[in-house]
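Please look through the sequence and the model shown below, and keep both at hand while reading the report that follows.

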Amino acid sequence: MAAIETREKVAALGEKYKYGFVTDIEMERAPRGLSEDTVRFISAKKGEPEWMLEWRLAAYRRWREMAEPTWARVHYPKIDYENAYYYAAPKNTPLKQSLDEVDPKLLETYKKLGIPLHEQMALAGVAVDAVFDSVSVATTFKEKLGEAGVIFCPISEAIRDYPDLVQKYLGSVVPTSDNFFATLNSAVFSDGSFVYVPKGVRCPMELSTYFRINASETGQFERTLIIADEGAYVSYLEGCTAPKRDENQLHAAVVELVALDDAEIKYSTVQNWYPGDEDGVGGIYNFVTKRGDCRGRNSKISWTQVETGSAITWKYPSCILRGDNSVGEFYSIAIANHFQQADTGTKMIHLGKNTRSRIISKGISAGKAQNTYRGLVSVHPRAENARNYTQCDSLLIGGECGAHTVPYIESRNKTARLEHEATTSKIAEDQLFYCTQRGIDPEEAVALIVNGFCKEVLQQLPMEFAVEAQKLVGISLEGSVG
Amino acid sequence: MSASAHWLDERRADAAARFAAAGVPHRRIEDWKYTDLKPAIEGANDDAAVEWSIRTHPDSVEVFDLASADAPGWVREHLGTLPQNAMAAASLARARRGFAARVPKGVAAGTVDFEWSGSGSGRALIVLEESASLTLHENNRTDGFSNIGVEIVTGANARVTHLRVANRGANAVQVEEYAVAVAQGGAYRAHLFNGGAKLSRAEFQIALSGAGASAALSGVSVLADGAHADITTHITHAVANTESTQLFKKVAGGASRAIYQGRIAVAEGAVKSDSRQTAKALLMGSRAEADLKPELEIFTDDVKCAHGAAVGDLDLDSLFYLRARGIPEAEARNMLVRAFLGEAVDEIADEALRGHMWSLVEEALAGAMQP
């Protein structure tokens, strides 16, 4: 009985994707298909210098020789890379100077998504870069950030205005040859955010990028590069949504983080791409490469992700702990429902002395979804006194879903200490009983228990995102009594 | 093995084709990521056959030499029928020597004590009929490259205790495949000792295919400089109410390498599966390496699965505690290492076997404590 109820309620969740609307706006696209000409088209659209075009073309040629990876526990029909659009931008969006020049339809779209772009209306303390398909349509609080010396702009602007910084760091964490999807991204990336926080500066506000896919048959390939110079601190948030469509759309992003001596970067994601309907039709293929390089001593990079959307998620935000005493963290909640497939986790590569890492992963599977944690902790011979603690817990709701754990633990230094714990279970009957016996209705009890299950991760989110994330988790919890 | 039998030729040809298709495993194959077999066995003689000898066996156990003709029905029924990876296919296709043993229904047979030596391929088949029980005491004393495939087929409520000892061998490249089918109410308990061959790879494919079936694996690897010990397990909870536990402890000295890969799969509908998996390694050598990969593959909700893994040095607080009580450091370290390994050794219920395991550990420990 309870199981049937669960299935019904879980089915109802499919109705709750609130961001499935399409903005009717005139778009300009690259011709369908992928060739050197597509790459040249995109580069020309962005008005890029020659070195950038060459960089893209080199990646494109490399990509032509690469094979799509098949090791992840995700299944999908072969993607026809020749039959998609790689660039789509709203017409009449020349380089904008102020928000007043932005197409009101776009402003309206973001308002509907809950991301007001007018600064007076915006959440206090959060600067937003709004990326709509292949272009950034607005960036708020640029002046205020500029006063602090913080550069926060679309990456296409950065290539034009700060070529030295871009050339120095772009591809230095995720090389163009890194993997199939990252290489594709390097060839055709359109927009994304660029952040540079100078020496000793603590970024005065939260930075945020909101990615929106709108155009059909179009992939989104954003590229984000964040550099925290010596002693700098920045907290960056990323959100994303897409319309409901029967087709699958590809999102292949690359995010690179560089933390120099004593710097700290906190990167949070609430990923809510359209997950497809309850029969598994449509949804975004989210094939993303995210990596942080703790290049300096005492640096710290912390990834927090709440993954609720996408038909397929393939994503392993990682840390290279190069600097001595550097710290890497990964906090993750991955919720997969209906026919969603998530294969996500992290890599912690300990190279420097006294490096520390912490991994907390919470996977929740429901419906017919498959949810995999895949992670690597690797201690290299010179990483004296490296420390890792990993905890990955899976919760299953219903008898037809899957939860999988694939951790790799590799140590080549005898002074290192690595600990890994994992559990898989359904919601404990005794906890449910304890709650219901005290008059809490089963629905609420489940919410309570699963909130507790995810708490360690939710706590890591900046306040502005924690609210949204909690709501998202809450929605997925409804009807999980079983 | 009996060359003339048609049924056997067919199975061997199938296996040979499977092996030919897969090839010798190398580190780009995920399951062999940490053990690169290809370069390790270059130039090995494919046609060699290991020697086997059964030192003692109870009269109630029927033994058949696989090299002789006219295999009895139970050998024809089971030989080469359990799932095979590439190397198991190779051992089936190539082995010209080996044995089969059968314990009849309801017989509590005692111990079959057997040994492998020489180099080349070998094959064994152990069949337990309903409610039978048996202890296997296996010694791998091969040298050079050996590839041994063992199948253990059990009837309902049958119980197997399996002590497998792989000794140190500076030139030994030992590949072992164990395929075990545990039926309803049956139990398979295995205790492994790895004393540090140049390369050892022991892979277990265990299917818990009847309600109440259980598997309990424990093992210690005590590795001196130059040793490479890979224990890989795949346990499938195919039906409801099955249980598995695993506990592996490793001490790696010098430039040795200790590997554990364990995959637990719980099939859809296999509710009330209970599985625990622990692998821990102590690195003693400054160039020692441990690679652990405890994997879970769960397709149903009502299960209890947990795994833990840890790699590190001896606990400094414990060391301090002992030294503060006047115990010299070397001795304190010895005590702590024994305590660490003891947890896994103590899984052996039989006192004599446990004592034997301790003597093996003692013998190997000095080498494994080398920095």
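The place to begin is B:Ala22, which lies in helix α1 (residues 6-22) of chain B, where helices (H or I, at least four residues) and strands (E, at least two) are DSSP runs, numbered from the N terminus. With a relative accessibility of 43%, B:Ala22 counts as partly exposed; buried means under 20% relative accessible area, exposed over 50%, and partly exposed in between (1.4 Å probe, protein chains only). Although B:Ala22 and B:Ala86 are 64 residues apart in sequence, their C-alpha atoms are 6.1 Å apart in space.

This is a predicted model, in which local features need pLDDT of at least 70 and side-chain atom pairs count only at pLDDT 80 or more, while totals for chains, interfaces and linings use all residues. Residues are numbered from 1 along each chain as its sequence is written, chains are lettered from A and ligands numbered from 1 in the order in which they are written, and side-chain values use heavy atoms, with hydrogens and water left out.

**Helix pairs**

| Pair | Angle | Axis distance |
|---|---|---|
| α5(B), residues 316-324, and α6(B), residues 329-345 | about 130 degrees | 9 Å apart |
| α9(A), residues 429-437, and α10(A), residues 442-458 | roughly 130 degrees | within 9 Å |
| α3(A), residues 50-64, and α8(A), residues 180-188 | about 145 degrees | 7 Å apart |

The crossing of α5(B) and α6(B) is right-handed, whereas that of α3(A) and α8(A) is left-handed; a crossing is left-handed if the near helix is turned anticlockwise from the far one by less than a right angle, and right-handed if clockwise.

Contact here means heavy atoms within 4.5 Å. In chain A, A:Gln431, A:Leu432, A:Cys435 and A:Thr436 of α9(A) meet A:Pro442, A:Ala445, A:Val446, A:Leu448 and A:Ile449 of α10(A). Sorted by class, this contact of α9(A) with α10(A) has seven nonpolar, two polar and no charged residues, where Ala, Val, Leu, Ile, Met, Phe, Trp, Tyr, Cys and Pro count as nonpolar, Asp, Glu, Lys and Arg as charged, and the others, Gly among them, as polar. The contact of α3(A) with α8(A) has eight nonpolar, two polar and two charged residues.

**Nonpolar cores**

A nonpolar core is a set of buried Ala, Val, Leu, Ile, Met, Phe, Trp, Tyr and Cys residues joined through side-chain atoms within 4.5 Å. The largest one has 90 residues, and those with the most contacts inside it are A:Leu207, B:Leu134, B:Tyr188 and B:Ile206. Its largest share, seven residues, comes from strand β4 (residues 108-128) of chain B. A second, separate core of 89 residues includes A:Tyr86, A:Val131, A:Phe221 and A:Phe453.

**Two residues with positive phi**

Most residues other than glycine have a negative phi. A:Asp262, however, has a positive phi of about 60 degrees although it is not a glycine; A:Asp262 sits in the loop between β11 (254-259) and β12 (264-271) of chain A and is partly exposed, with a relative accessible area of 45%. B:Asp70 likewise has a positive phi of about 60 degrees; B:Asp70 belongs to the loop between β2 (62-65) and α3 (73-78) of chain B and is exposed, with a relative accessible area of 72%.

Note on methods. Axes are lines fitted to C-alpha atoms, for helices over the stretch in contact, and angles run from 0 to 180 degrees between N-to-C directions.
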